[in-house]
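Reader: I would like to learn how to read a few features of a structure. Please take them one at a time.

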Amino acid sequence: EDCPRYVGRVVRGVKVGPSPAWLQRRLQAVGQRPINNIVDITNYVLLEMGQPLHAFDLDKIADKRIVVRRARAGESLETLDGTSRHLDEDMLVIADAEQAVALAGVMGGANSEVSEQTVDILLESANFTPSRVRLARARLGLFTEAAMRFERGADWDAPLLAIDRAASLIAQITGGTIAPTPLDIHPRPGQCREIS
């Protein structure tokens, strides 16, 4: 209900490091600081296609399982900015088999962050209910590019297109191997209708 579409794609054997100069220049031209090739690609595709993406270190995901759910009472998450966030039951999280690993549509968690030791990644591209993202962002005082876009409503078709674009760039730049097919969960098929 809070996540009408979730697309995941695995890329194995990546080599995390600095981005190529062309990618760094393009991000810097719009005021973004390059971080590493994986994160830079997700940011680049966000700017290019308008679809927020997130990359998880697959080895840090317990049981290699993703669960989109509401936060539990008393649950907390250290976000990528190094701040411990106290969550409530109205907030949507991305979790693994044990704990929250990201605040859905707002910011990833430090416990699943891509680092120089990362070898396999899980890319995420989704649609989240705008009001759920807005509520979490406002209560936690977080403003991110992803949250801004999700709050306004995201394109239903963009997750698959964006994840394929990002996976392709990651394979080209890092030498990774893309899993043959993405996981595309959308419980509301037939979302698009013809208008005459």
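Reader: In what order do the four strands of the open sheet stand, and what is the pairing?

Author: A note before the answer: this is a predicted model. The order in the open sheet is β3-β6-β7-β8, with antiparallel pairing. The edges are β3 (67–70) and β8 (107–108); each has a single partner strand, so one side of each is left without a neighbour in the sheet.

Reader: How many bridges join β7 and β8?

Author: Strand β7, residues 100–103, pairs with β8 over two bridges, in the antiparallel sense. L103 is found opposite M107 of β8.

Reader: Is R132 buried or exposed?

Author: Buried means under 20% relative accessible area. R132 has 16% relative accessibility and therefore counts as buried. R132 belongs to helix α3, which covers residues 130–140.

Reader: Which residues does R132 contact, beyond its neighbours within four places in sequence?

Author: They are D2, R70, D90 and L92. For D90, the backbone oxygen is 2.8 Å from a polar side-chain atom of R132.

Reader: How does the radius of gyration of the chain stand against that of a compact globule?

Author: For 196 residues, a compact globule would have a value near 16 Å; the chain has 16 Å, so the two agree. Along the principal axes, the C-alpha atoms fill a box of roughly 50 × 40 × 35 Å.

Technical notes: Residues are numbered from 1 along each chain as its sequence is written. This is a predicted model: local features need pLDDT of at least 70, side-chain atom pairs count only at pLDDT 80 or more; totals for chains, interfaces and linings use all residues. Side-chain values use heavy atoms; hydrogens and water are left out. Buried means under 20% relative accessible area, exposed over 50%, partly exposed in between (1.4 Å probe, protein chains only). A polar contact is a pair of N or O atoms within 3.5 Å; within protein, one must be able to donate a hydrogen and the other to accept it, and residues adjacent in sequence count only if both atoms are side-chain atoms. Contact means heavy atoms within 4.5 Å. Two strands pair if DSSP finds at least two bridges between them. The radius of gyration is taken over C-alpha atoms; the globule rule is 2.2 Å times the number of residues to the power 0.38.
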